[in-house]
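Have a look at the sequence and the model first.

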Amino acid sequence: MTRIASPSTTAQGEALSPSAFREALMAKGAYYHIHHPYQVDMAEGRASPEQLRGWVANRFYYQTNIPQKDAALLANCPDAAFRRRWIQRLLDHDGHDADGGGGGIEAWLTLGEAVGLSRDELWSQEHVLPGVRFAVDAYVNFVRRADWREAAISSLTELFAPEAHRSRLATWPTHYPWIDAAGYGYFRKRLTEARRDVEHGLEVALAVCTTRATQERALEILQFKLDVLWSMLDAMTLAYQLGRPPYHTVTDQRVYHRGVS
């Protein structure tokens, strides 16, 4: 597999061994959004219904952009063997039929209904905060412009996702008995899918990042993705925990844009 291009400012020193590079990638888990105070509050039962619904509605924007992100990656990829494996991610989210049956987006819609949101509300994007939209759009635009191998590396936040899903499955039914249990299907679904996807993403990273410069570049890309996820929660914190949604000093209406790129 062809190596990704080294950044213009090369990192100094010898390349990390594959095991050391893997450890460096795993160490980034210290900055995964599961450690954000908003996520901690949800896990420990301190989130209000409004805060949970706000998270579900805003995260839905991220969920609907995942297959678009993956399609952009595939459009840039000349490697047929890679495409055959990566395309499963689109099916995981979009489903295998016109109704989205079995897909992650359909499962997230069920989660939305379980917390008291209608499907129309979610699809309308009326609750999506500008900060969340900007963060998600930045991720999709990065993937569209990046070398496909770098785009694949940006998905490695999946290294840490199973912990988040297990935490929700373990704590939410106790803390939030008002949530319909049918809504937890997405988290169970992703426990197995994320492990499979991580194996492929790591395979790419270890294969192409064989110099210190490309390894440092990969770590920077992973940090960028972590920044995206953390920034989404920062926006939700302002809106749903601190009572400072966008334009709160001038209106209580959701006047923020919904579709301008």
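**Aromatic pairs at a glance**

There are 14 aromatic pairs here, counting rings of Phe, Tyr and Trp (its six-membered ring) whose centres lie within 6.5 Å, with planes under 30 degrees apart called stacked, over 60 edge-to-face and the rest tilted. One of them is the stacked pair of Phe 82 and Trp 86, at 5.1 Å centre to centre and 20 degrees between the planes. Keep in mind that this is a predicted model, where local features need pLDDT of at least 70, side-chain atom pairs count only at pLDDT 80 or more, and totals for chains, interfaces and linings use all residues. Residues are numbered from 1 along each chain as its sequence is written, and side-chain values use heavy atoms, leaving out hydrogens and water.

**Phe 82 and Trp 86**
- Both residues belong to helix α4 (residues 80-86), 4 residues apart, or about one turn of the helix (helices are DSSP runs of H or I, at least four residues, numbered from the N terminus).
- Phe 82 is buried at 4% relative accessible area, and Trp 86 is buried at 0% (buried is under 20%, exposed over 50%, partly exposed in between, with a 1.4 Å probe and protein chains only).

**Phe 142 and Phe 224**
- Their ring centres are 5.2 Å apart with planes at 50 degrees, so this pair is tilted.
- It links distant parts of the chain, with Phe 142 in helix α8 (residues 130-145) and Phe 224 in helix α12 (residues 212-241), 82 residues apart.
- Phe 142 is buried at 13%, while Phe 224 is partly exposed at 25%.

**A ring cluster**
- Ring pairs join Trp 55, Trp 108, Trp 172, Tyr 176, Tyr 184, Tyr 186 and Phe 187 into a cluster.

Methods:
Helix = DSSP H or I, 4+ residues; strand = E, 2+ residues; numbered from the N terminus.
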